[in-house]
Amino acid sequence: MIKIVYMGTPYYAKEILQRLIDDDKIEITLVLTQPDRKAGRKGKLKAPDVKILAEEHDLKILQPEKLSDEGVYEAIVDVKPDFIVVAAFGQILPKSILDICPCINLHASLLPKYRGASPVQQSLLNGDKFTGITAMLMEEGLDSGAILGYRYFKIPETMLLPQLMNRLSEDASLLTIDILHRFDMIEPIEQIRAEATYCKKIKKSDGLVDFSNAFNLYRKYRAFYGWPGIFLEGNIKISDISLVETKTTNEIGLILEIKDSSVIVGCLRGSLEIGVIQVPSKKAINAKSYCLGKGLKVGNYLF
């Protein structure tokens, strides 16, 4: 049996853990995940996806605020892991833990591209044609360890963030199993550090958009779908968006066409179809209803 200590937190990491649990040659001796956090308007504590799955399978769980907390190192050493597998855990591993055994990280980009906190969003923002998963040996640097293997695929042009995360989760789980079973046969490849790029944690303010460029707005819509979403000045949220074209020159925000439930809006470059609009403190409604309520017609400005 291959003994694993697993570290992960969100859905992406949950799918990898499920694959490890299903493998009859792997034993999960300990799971570490982030503490329960307050969520929603009522601020109720919400357990991480990884914790929920681990509890379903009666796995031993730790939820330290920091890996340097008292007893965490000892708990990992006590279960004598062959590997520590890490996927979107949300904390940096100190050297003391890195030195226990080989630590394998499943990073959602084709390293050395997009080291850091938001590689999936960044691939959509930049309009990349391909993305994938990298398995790497962890070291003290940020996503800088030697590469053990890749899985990659072409990104469909209309794929949104949740769909892309689902595909990456599936590929990461397959890659993890392959790497663990073949580890002794793999010769790690050092990353080319001069080619490294970095991405930061997404902030709420990153969702602010305007109608200057249809293609750029659509990229943000795809990358920030779910959270933080995209919104205009005044916190007017827009969703159910599709890219119409990218070549025409229009007046910013001009209504070009009103359809059965949506509207076509001009951008300085290109045009978009918007299906849903939500103004602050109001329910989301379809874009045509919004226009009717405001008395807006073709040739008027949407906002």
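Let's begin with a lining: in the largest pocket of this predicted model, the residues around the space divide into 28 nonpolar, 14 polar and eight charged. Altogether 50 residues line this pocket, and those nearest its centre are Thr9, Pro10, Ala88, Gly90 and Ala117. The space inside comes to about 1900 Å³.

Where does this lining come from? At least two residues each are supplied by helix 1 (11–22), strand 3 (37–39), strand 6 (83–87), strand 7 (103–107), helix 5 (119–125) and helix 6 (161–182). Helix 6 gives the most, with four residues.

Which residues of helix 1 are buried? They are Tyr12, Ala13, Ile16, Leu17 and Leu20. These residues cover an arc of only 130° around the axis, so they sit on the same side of helix 1.

Finally, move on to the second largest pocket, which holds about 270 Å³ of space. Its lining is made of 13 residues, with Gly127, Asp128, Glu157, Phe215 and Arg222 lying nearest the centre. Here helix 7 (residues 214–223) gives the most, with four residues. How do the lining residues of this second largest pocket divide? Six are nonpolar, one is polar and six are charged.

Terms used
Residues numbered from 1 in each chain as written. Predicted model: local features only at pLDDT ≥ 70, side-chain atom pairs only at ≥ 80, totals over all residues. Heavy atoms only, no water. 1 Å grid on protein atoms, 1.4 Å probe; cavity = no way out; pocket = protein on both sides within 12 Å on 5 of 7 lines; lining within 4 Å. Points joined across faces, edges and corners; volume = space filled by probe spheres on them. Nonpolar A, V, L, I, M, F, W, Y, C, P; charged D, E, K, R; others polar. Buried < 20%, exposed > 50% of the residue type's maximum accessible area, 1.4 Å probe, protein only. Arc of directions from axis to C-beta.
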